[in-house]
Amino acid sequence: GLRLDSAGRLIAADVAGGRLLRIAADGANVEVLAERYEGKKFDNLWDVVLDRRGNVYFTDPGDSTVEEATGSVYRYDVRTGRVSLVATGMAFPTGIAVTADQQHLCVAESRQYRILMFDLTDEGTAKNRRVLVDFPDETRGTFVGGKFDPRGMAFDAQNRLYVAMWRGGVINVVDVETESLIRQYDAGGAGATSCHFHDGYLYVAVAAKEAVFSLKLGVQGFDSNGTLNPKKTLP
């Protein structure tokens, strides 16, 4: 997981090291923001997202399974440097995103093939956990389905969530208001790991082809460091 903060620094999830890193804009310096919670080292940090205040939410799936759902989400407070536990009891949480209105947190629960949603308080705590969408395990009409685990995610400016589906090689688009799957795009190959908007394009990292693909959607993404963009309809 990689995100830029308002100062152009790269916030990174170090999977193997279990560390939350901040890399200077010129690459000359790397800080370890966090590597433990209550004295216990993180297992394998997966993805990160920033809210408008610069606080970092990140996932740590560990070795969690459906039978032993021990995956967690943490929050790094940019002002105090403190780490707090936001949520736990998830089956391999991977992708994470904050809605444009800053009111909700979305987490990809990969082993359950679904997206969870939480309400966020002003203090950064999460409550009212529920399922935003269960992805279909079989093809339905034009939507290709299967045991496709969701990974990286990104919001557009209209609060639609774009989800990279690892085994499926597709990008699923979820309308948060209606809690439904509304669109699907070809990601360019299997192993879709993450996606990100820039200037009307959706960029997708595809592991199976060791490549990054772009989709010209004409849709602007939500930038936690900037403002919302004008409404665009999906092509």
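The side chains of Arg160 and Asp156 form a salt bridge, with 2.6 Å from N to O; a salt bridge is a side-chain nitrogen of Lys or Arg within 4 Å of a carboxyl oxygen of Asp or Glu. Both Arg160 and Asp156 are buried, where buried means under 20% relative accessible area, exposed over 50%, and partly exposed in between (1.4 Å probe, protein chains only). The model is predicted: local features need pLDDT of at least 70, side-chain atom pairs count only at pLDDT 80 or more, and totals for chains, interfaces and linings use all residues. Residues are numbered from 1 along each chain as its sequence is written, and side-chain values use heavy atoms, with hydrogens and water left out.

**Salt bridges**

- Side chains of opposite charge can pair when their charged atoms come close.
- The whole structure contains eleven salt bridges.
- Glu109 and Arg114 are joined by one of them, at 2.7 Å from N to O, and both residues are buried.
- Another salt bridge connects Arg130 with Asp119, also at 2.7 Å from N to O.
- This pair links distant parts of the chain, since Arg130 lies in strand β14 (residues 126-134) and Asp119 in strand β13 (residues 114-120), eleven residues apart; helices (H or I, at least four residues) and strands (E, at least two) are DSSP runs, numbered from the N terminus.
- Asp119 counts as buried because its relative accessible area is 16%, whereas Arg130 counts as partly exposed because its relative accessibility is 24%.

- Asp175 is located in strand β17 (residues 170-175).
- Although Asp175 is buried, it has no salt bridge, and the nearest side chain of opposite charge, Arg160, is 6.0 Å away; Lys and Arg count as positive and Asp and Glu as negative, while His and the chain ends are not counted.
- Apart from neighbours within four places in sequence, Asp175 is in contact with Arg160, Ser180 and Ile182, contact meaning heavy atoms within 4.5 Å.

**Cysteines**

- A disulfide is a covalent bond between the sulfur atoms of two cysteines.
- Zero disulfides are found in a search of the whole structure, a disulfide being a pair of cysteine sulfur atoms within 2.5 Å.
- The sulfur of Cys106 is too far from a partner for a bond, because the closest cysteine sulfur, in Cys195, is 13 Å away.
- Cys106 counts as buried because its relative accessibility is 0%.
- Cys195 counts as buried because its relative accessibility is 7%.
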